[in-house]
Amino acid sequence: MSNQAKYVFKGTPEQEQELLKVIDKYKNTEGALIPILHEAQEIYGYLPLEVQKIVSENANIPLAEIYGVVTFYAQFSLVPKGEYSIAVCLGTACYVKGSGNILEKIKEKLGIDVGECSEDGKFSLDATRCIGACGLAPVMTVNDEVYGRLEVKDVDKILEKYM
C-alpha cells in the first residue's frame, strides 16, 4: 500500500473555498503553480491527490505537471504532518555521531517510518540533511525545538514531553 493511501482526506468545504480564492488570486499570473501549491499546503497541511485535482481543474494546469512539482520539491508533502513534526538530521556530522541510531529508536518508539504520520495525527517523522547545527551533532528537531548532542537514551525522555 502506498504511503498516502493510508490517509483519508478530510478537507472541508471552507478549505476548498479558501483554495479557490487562492487560485483566483493567481489566475493570470505566469509561473503561479508553486505559490498556489504553497498556499494550498498552508490551508490543508499537505497536498493529497484531492487537493491537486482541485488545483488542476480550477487553474487549468495538467494534474501530471502538478504531481511532478509536488513530488520534486522537498517542501511539499503528500502526507499529513503530525501535531509534532520530528526531523532527525542525517547530514554527515550528525550521521557520523549516531543520528541513524536515534532515527531508528524514534521509528521503533512511535511505530512510524520516515515520511509517515502516526494514526492519531500526533507525530510525523522526517529525515533531513544538514540543518546547520553541526556543532551540536547529532541533532533532531520537534517542530521548532532543537535537541542536540543526542544519544539514543535521550529519545524516550524527549518524546515523553510530547506524549
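This is a predicted model: local features need pLDDT of at least 70, side-chain atom pairs count only at pLDDT 80 or more; totals for chains, interfaces and linings use all residues.
Helix 1 takes in residues 13-25, and its 13 residues reach 18 Å from first C-alpha to last, close to the 18 Å expected at 1.5 Å a residue (that expectation being 1.5 Å times one less than the number of residues). Helices here are DSSP runs of H or I with at least four residues, strands are runs of E with at least two, and both are numbered from the N terminus. Residues are numbered from 1 along each chain as its sequence is written, and side-chain values use heavy atoms, with hydrogens and water left out.

Back to helix 1: Gln15, Leu19, Val22 and Ile23 are buried there (buried is under 20% relative accessible area, exposed over 50%, partly exposed in between, with a 1.4 Å probe and protein chains only).

Ile66 belongs to helix 4, residues 63-72, and is buried at 0% relative accessibility. Neighbours within four places in sequence aside, Ile66 touches Leu33, Leu37, Gln52, Val55, Ser56 and Ile61. Ile34 is 32 residues away from Ile66 in sequence, with 9.0 Å between their C-alpha atoms.

Then there are the aromatics. The whole structure holds five aromatic pairs, a pair being rings of Phe, Tyr or Trp (its six-membered ring) with centres within 6.5 Å; planes under 30 degrees apart are stacked, over 60 edge-to-face, and the rest tilted. One of them, Tyr73 with Phe76, is edge-to-face, at 6.5 Å centre to centre and 85° between the planes. Tyr73 is partly exposed at 33% relative accessibility, whereas Phe76 is buried at 6%. Together with Phe72, these two form one aromatic cluster.

On a loop between helix 6 (99-110) and strand 2 (123-128) lies Glu116, buried with a relative accessible area of 15%. A polar atom of the Glu116 side chain lies 2.9 Å from the backbone nitrogen of Asp113.

Key: A polar contact is a pair of N or O atoms within 3.5 Å; within protein, one must be able to donate a hydrogen and the other to accept it, and residues adjacent in sequence count only if both atoms are side-chain atoms. Contact means heavy atoms within 4.5 Å.
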